[in-house]
Amino acid sequence: MNTAPQIAAASPPASGGAPYFSRRGFREGVIAVSPVFVSLFATGLVFGTLAAQKGFSLLDALAMSGFVYGGLVQVVTLQTWPQEFTVATLLTLMLVTLTVNLRLFLMSITFRPWFGALPPWQAYPILFFITDIGWLRAMRYRAEGGSDVGFFLGGGLILHFVWLASTAVGVLFSNWLTNPRAFGIDLLLPIFFATLLIPAWHGLRRAVPWVIAGIVAVVVQWLVPGYWYIIAGAVSGALAAGVIADD
Amino acid sequence: MTDLVHGNVMLVIAAMTAVTVSLRLGGFFLMSYVTVTPRIRRMLDALPGSVIAAAVLPVALQGAPVAIAAVVLAMLAMYVSRSDIAAIVVGVGTAALLRAAGLG
């Protein structure tokens with residue numbers, strides 16, 4: 001992979017054609033996300049381990065990984081997991097989920113130009129598999145002119161499988177991984193994100209919204225507790241791009 | 001306050017699932033009611049990079065200097081090699097090494 005020329009990880013371009021499915025695209029999608037398998041597996045181990053320590057059964061942990069399906073939100077909610085459940089704690093956990101995962105909403109928006117022509121019964125189930133990594137890789141593929149939905153689905157399904165498998169192993173061997181920080185695993189997501197800015201680089205002018213997004217995020221994180229900074233920064237960047245005139 | 005069943009993990013998971021699924025499907029759904037003008041297209045184009053920058057920069061600054069070094073070296077590795085896996089190995093490896101050396 002990575003023979004890909006450095007085109008924006010960003011834009012679903014006008015060049016992208018009508019959506020279709022192919023086995024080849026599915027395979028390519030699997031291969032495209034494979035660089036993260038090891039670190040993703042390690043993250044799943046961390047979650048499984050933490051979940052077991054909080055008293056989750058194997059089934060509990062698998063249900064959370066399978067349905068909630070988000071490394072960051074799962075680890076964050078575990079850290080604030082209450083001993084007693086009340087309506088208030090339930091609402092708090094839902095609010096945490098909302099703020100941590102709001103970025104998924106933005107990612108969902110960016111699939112409209114690509115999946116918009118699919119029948120809804122196909123588009124919506126596929127959108128369930130949106131993850132940071134799968135989305136980033138799919139956007140890069142789309143920017144390179146691809147329109148094979150199999151590419152996104154292949155990546156999405158294999159990531160889901162790796163996530164479930166690593167969760168199970170983490171629960172079953174919950175005494176094994178005691179200090180994930182020592183292996184740098186806590187920085188996996190920021191590192192993967194940051195490296196994807198490189199192929200997305202399209203000159204300084206196109207990067208202005210990113211700079212604005214970063215600065216706003218830093219300021220908001222400093223002022224407001226929680227994960228609002230991601231959405232505040234991202235929306236600011238997009239708004240800036242809307243205001244900046246095209247050449 | 002009503003007490004829910006003690007330790008009813010599944011109920012909480014169901015509630016969290018409802019939230020994440022509506023987010024995953026909601027953006028796509030909403031955009032069916034929006035006409036994509038050139039301006040909105042520019043905003044959509046800038047969105048992925050903006051999400052990345054907003055998610056990474058605060059984490060990197062907070063985890064200084066280990067996180068900054070890891071992120072910068074990973075980006076450098078990506079620039080040189082154009083390989084995601086090399087970049088991730090360099091980034092995570094940098095963090096592990098620096099921490100082993102007693103930093104951060």
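**A walk through a predicted two-chain model**

The side chain of B:S50 reaches the backbone oxygen of B:A46 at a distance of 2.8 Å. This is a place to start in a structure that is a predicted model. B:S50 is located in helix α2 of chain B. Is B:S50 buried or exposed? Its relative accessibility is 0%, so B:S50 counts as buried, given that buried means under 20% relative accessible area. Apart from neighbours within four places in sequence, B:S50 is in contact with A:P209, A:W210, A:A213, A:A234, A:G237 and A:A238.

Helix α2 of chain B also contains B:A53. B:A53 has a relative accessibility of 10% and therefore counts as buried. Again setting aside neighbours within four places in sequence, B:A53 is in contact with A:W210, A:A213, A:G214 and B:P58.

Because its relative accessibility is 18%, B:R42 counts as buried. A polar atom of the B:R42 side chain lies 3.0 Å from the backbone oxygen of A:G242.

Next comes helix α3 of chain B. The helix runs over residues 66–81, 16 residues in all, and reaches 22 Å from its first C-alpha to its last, close to the 22 Å expected at 1.5 Å a residue. Which residues of α3(B) are buried? They are B:V66, B:A67, B:A70, B:V71, B:A74, B:A77 and B:M78. Viewed down the axis of α3(B), these buried residues fall within an arc of 125°, so they line one face of the helix. On the face of α3(B) turned away from the buried side are the exposed residues B:Y79 and B:V80. Just after α3(B), B:R82 takes a positive phi of about 60°.

In helix α1 of chain A, residues 23–33, the buried residues are A:G25, A:G29, A:A32 and A:V33. Seen down the axis of α1(A), they fall within an arc of 85°, so they line one face of the helix. The face of α1(A) turned away from its buried side carries the exposed residues A:R23, A:R24 and A:R27. What covers the buried residues of α1(A)? The cover includes α2, α8 (132–143) and α9 of chain A.

A loop residue of chain A also deserves a look. A:Y69 is found in the loop between α3 (58–68) and α4 (71–79) of chain A. Its phi is near 50°, which is a positive value in a residue other than glycine. At 4% relative accessibility, A:Y69 counts as buried.

The aromatic rings are the next topic. How many aromatic pairs does the structure hold over all chains? There are 12. One of the pairs is formed by A:F47 and A:W163, which are stacked, with 6.4 Å centre to centre and 25° between the planes. A:F47 lies in helix α2 (residues 37–53) of chain A and A:W163 in helix α9 (residues 149–172) of chain A, so the pair ties together parts that are 116 residues apart in sequence. Both partners count as buried: A:F47 has a relative accessibility of 0%, and A:W163 has one of 2%.

Another aromatic pair consists of A:W114 and A:F115, and it is tilted, with 4.9 Å centre to centre and 55° between the planes. A:W114 is buried, with a relative accessible area of 1%, and A:F115 counts as buried at 0% relative accessibility. Ring pairs link A:W114 and A:F115 with A:F111, A:Y141, A:F151 and A:F152 into a cluster.

Finally, rings and charges meet across the two chains. The charged end of A:R112 sits over the ring of B:F28, 4.2 Å from the ring centre. In the other direction, B:R24 lies over the face of A:F128, at 5.7 Å from the ring centre.

Terms used: Residues numbered from 1 in each chain as written. Chains lettered and ligands numbered in written order. Predicted model: local features only at pLDDT ≥ 70, side-chain atom pairs only at ≥ 80, totals over all residues. Heavy atoms only, no water. Helix = DSSP H or I, 4+ residues; strand = E, 2+ residues; numbered from the N terminus. Expected span 1.5 Å × (residues − 1). Buried < 20%, exposed > 50% of the residue type's maximum accessible area, 1.4 Å probe, protein only. Arc of directions from axis to C-beta. Polar contact = N/O pair within 3.5 Å; in protein donor to acceptor, adjacent residues only side chain to side chain. Phe/Tyr/Trp six-rings, centres within 6.5 Å; stacked < 30°, edge-to-face > 60°. Lys NZ or Arg CZ within 6 Å of the ring centre and 35° of its normal. Contact = heavy atoms within 4.5 Å.
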